[in-house]
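Let's take a walk through a protein model together.

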Number of protein chains: 2
Amino acid sequence: MNSYISTSWKEELERLIQGKSLVFLLADSNLPDSYSRDIIKVCNMETKTHLFKIKGGEEIKTHHHLILIYNELDRVGADRESVCICLGGGTISDLGGFAASTYKRGIDLVILPTTVVGMVDAAIGGKNGINVQSKVGILKNQIGTFYQPKLTGIDLKWLGSLPTDEVKSGWGEMLKHALLTGGPHLEQFKNAEPNLASLTPLIIDSGNIKEGIVRRDVKEKGERAILNLGHTIGHAIESLDLDSSHGSKSKHGIAIAWGIVFTLEVSVMKMGFNDALAKELIKWIVDIIGSREEIWGSDAVWFKMCKDKKNTNGNVKDVLLRNPGDADWGFTWEREEFTILWEQFRERYELTSF
Amino acid sequence: MNSYISTSWKEELERLIQGKSLVFLLADSNLPDSYSRDIIKVCNMETKTHLFKIKGGEEIKTHHHLILIYNELDRVGADRESVCICLGGGTISDLGGFAASTYKRGIDLVILPTTVVGMVDAAIGGKNGINVQSKVGILKNQIGTFYQPKLTGIDLKWLGSLPTDEVKSGWGEMLKHALLTGGPHLEQFKNAEPNLASLTPLIIDSGNIKEGIVRRDVKEKGERAILNLGHTIGHAIESLDLDSSHGSKSKHGIAIAWGIVFTLEVSVMKMGFNDALAKELIKWIVDIIGSREEIWGSDAVWFKMCKDKKNTNGNVKDVLLRNPGDADWGFTWEREEFTILWEQFRERYELTSF
């Protein structure tokens with residue numbers, strides 16, 4: 001793995017594009033123009049730069065949008081020595097990263113995340129992906145590659161225009177990293193409010209927690225699976241939200257936070273996680289994410305869990321915690337038990353306010 | 001690179017699928033049913049096997065067909081521990097290999113080629129790919145990944161049902177390997193007729209020539225580029241044929257053979273390739289591939305050459321020969337010179353019979 005996170009992105013980018021044939025800048029059109037202008041200024045000193053704007057959001061992660069990007073890469077004459085820069089949140093880097101990894105069988109990729117989720121999660125680790133419509137719903141993030149960016153450039157000033165709900169979504173992913181690492185980082189994180197001013201000093205640390213785990217297991221053969229903490233349930237919720245035409249649509253990090261609440265409950269039963277600590281953490285989390293109008297039923301959630309990428313040989317796998325900083329990625333769900341526990345959980349948290 | 005070519009595919013396959021969750025067999029529906037039955041018999045002893053048939057051909061290398069395969073993989077419950085087997089020619093392994101490399105970010109791939117082109121070229125080296133329709137034509141093989149199969153299983157009996165024009169197409173790729181390696185293999189190959197009985201004893205050697213080159217340069221950073229001998233022009237011809245609704249449609253290997261004829265002419269001028277030997281080789285090749293009713297004009301060919309994957313920094317690259325067995329992958333075309341040489345070539349070979 002030769003990617004790395006850098007806060008001095010301008011210098012790194014200048015070095016990286018030396019001698020390259022062209023730069024293709026895929027930018028979220030929701031962002032202020034000044035962000036892409038800054039980048040073009042840096043790139044144009046070395047290499048001709050083409051800007052392609054697309055409105056970020058889960059709905060762009062389709063083959064249709066992939067083909068739009070391929071066409072544009074072709075139109076501007078991108079070749080194997082070209083560089084693709086993704087400027088935006090996770091949906092831009094998921095789509096653009098997949099495009100870069102498959103155009104001419106792979107061109108250099110740079111990710112410049114502009115959301116908290118991007119900085120601490122989506123832009124790190126080389127996973128990209130799109131969603132595919134199937135006869136029975138949407139296959140969420142099931143199609144993609146492992147493709148390491150040459151550079152992940154972090155500039156905290158890009159968070160300036162981030163909507164509040166996006167910051168909260170980032171908080172959910174940071175929560176996961178805090179629970180996976182425990183210790184002083186978790187304590188600092190518990191003391192932080194879910195707003196930008198409070199979270200910003202913790203973002204680089206949070207990204208580095210993920211980077212360390214990925215570096216030890218790039219292709220997710222073992223330890224990397226702990227990064228799925230809260231994601232088995234979280235992805236199921238997101239995927240059901242996406243299929244549905246009405247009701248709550250949780251932001252990624254909020255869906256993950258719900259997954260973590262459920263995981264903490266199960267971890268007490270299955271892994272001997274300290275009960276009092278779990279209760280304290282759950283109260284803290286639910287206070288922040290608020291209640292959900294409607295929680296999907298166990299059958300629907302189970303159906304989605306069965307599609308999870310981590311599953312092997314038809315077993316539904318999940319990640320549990322023994323302690324903060326001590327995760328176990330070998331847990332296998334039995335449907336009957338899941339149904340009972342999920343329906344209890346649903347009763348506890350649906351339509352209630354805290 | 002951990003793939004390898006094996007003629008004892010049954011034993012290797014049995015070993016490979018041990019403990020796997022399921023086998024997804026993507027088979028060309030043009031093939032006799034007995035081929036897939038044989039494979040299912042081997043697999044079913046170890047692992048549940050799902051057969052998915054699709055009619056092979058360049059026209060299946062699309063996103064539409066990719067999505068069909070993703071849906072079917074999802075429907076049968078394929079997970080990361082599943083194995084995808086491609087049984088068919090190059091279009092089946094190009095499409096199926098890309099699907100396997102992107103479904104859940106990569107599942108194990110086995111290629112069982114049933115054509116000469118498959119056995120000596122498409123199934124070796126881990127390149128896959130699809131075509132994408134752009135506003136100005138088809139982007140041929142521009143979208144794909146490098147993804148090594150765990151096994152390439154060769155069974156010469158699968159060639160039994162191969163149409164004559166497919167055998168001849170395979171001859172074109174074998175010609176390339178023979179020129180790249182020179183020596184006794186080239187002599188043997190020159191003495192072989194372009195029919196199955198005559199070519200079969202040379203197929204394993206021809207595949208191994210490619211395998212050796214790829215092993216030394218998996219991601220095509222250098223030497224692997226020599227495998228593009230005849231392909232700069234060959235792909236341009238194929239791509240123009242594909243865009244066009246009328247006229248000759250060359251099989252892959254025949255288009256490559258035309259590319260090689262042109263390359264030999266240019267190699268004499270640019271690389272001091274022996275003139276008499278070039279003339280002898282060209283006569284031999286053209287006697288076999290026959291004439292072409294219409295040869296595309298230099299502007300159209302140049303336009304396609306500009307899209308070649310090998311190009312860097314806007315330079316149109318090509319592979320030339322100093323001698324049989326001694327290729328140079330650093331040649332850069334100037335448009336003006338190409339135009340002159342191509343139009344001379346066109347005049348010489350268009351509408352003529354030999």
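Which residues in helix 9 of chain B meet helix 10 of chain B, and which residues of helix 10 do they meet? From helix 9 of chain B come B:His231, B:Thr232, B:Ile233, B:Gly234, B:Ile237 and B:Glu238, and they meet B:His252, B:Ala255, B:Ile256, B:Trp258, B:Gly259 and B:Phe262 in helix 10 of chain B. Here, two residues are in contact if their C-beta atoms, placed from the backbone, lie within 7 Å. By class, this contact has six nonpolar, five polar and one charged residues. In that scheme Ala, Val, Leu, Ile, Met, Phe, Trp, Tyr, Cys and Pro count as nonpolar, Asp, Glu, Lys and Arg as charged, and the others, Gly among them, as polar.

Before going further, some housekeeping. This is a predicted model, where local features need pLDDT of at least 70 and side-chain atom pairs count only at pLDDT 80 or more, while totals for chains, interfaces and linings use all residues. Residues are numbered from 1 along each chain as its sequence is written, and chains are lettered from A and ligands numbered from 1 in the order in which they are written.

Back to our pair. Two packed helices are described by the angle between their axes and the distance between the axes. Helix 9 (residues 231-243) and helix 10 (residues 252-271) of chain B pack at about 135°, with their axes 7 Å apart. The axes are lines fitted to C-alpha atoms, for helices over the stretch in contact, and angles run from 0 to 180 degrees between N-to-C directions. That angle makes helix 9 of chain B oblique to helix 10 of chain B, since angles under 35 degrees count as roughly parallel, over 145 as roughly antiparallel, 65 to 115 as roughly perpendicular and the rest as oblique.

On the helix 12 side of chain A the contact is made by A:Ser298, A:Val301 and A:Trp302, and on the helix 13 side by A:Arg335, A:Phe338, A:Thr339, A:Trp342 and A:Glu343. By class, that contact has four nonpolar, two polar and two charged residues.

Now zoom out. Chain A comes to 13 helices and 10 strands; helices (H or I, at least four residues) and strands (E, at least two) are DSSP runs, numbered from the N terminus. The C-alpha trace of chain A spans about 60 × 45 × 35 Å along its principal axes.

Where do the chains meet? The contact takes 32 residues from chain A and 32 residues from chain B. The largest share of chain A's side, five residues, comes from helix 3 of chain A.

Most residues other than glycine have a negative phi. A:Glu220, though, has a positive phi near 55°. A:Glu220 sits in the loop between helix 8 (196-216) and helix 9 (231-243) of chain A, and with 20 C-beta neighbours inside 10 Å, A:Glu220 counts as buried. B:Asn141 also has a positive phi, near 55°. B:Asn141 lies in strand 7 (residues 137-143) of chain B and is buried, with 22 other C-beta atoms within 10 Å.

Methods. A residue is buried if 20 or more other C-beta atoms lie within 10 Å of its own, exposed if 12 or fewer, and partly exposed in between; C-beta atoms are placed from the backbone.
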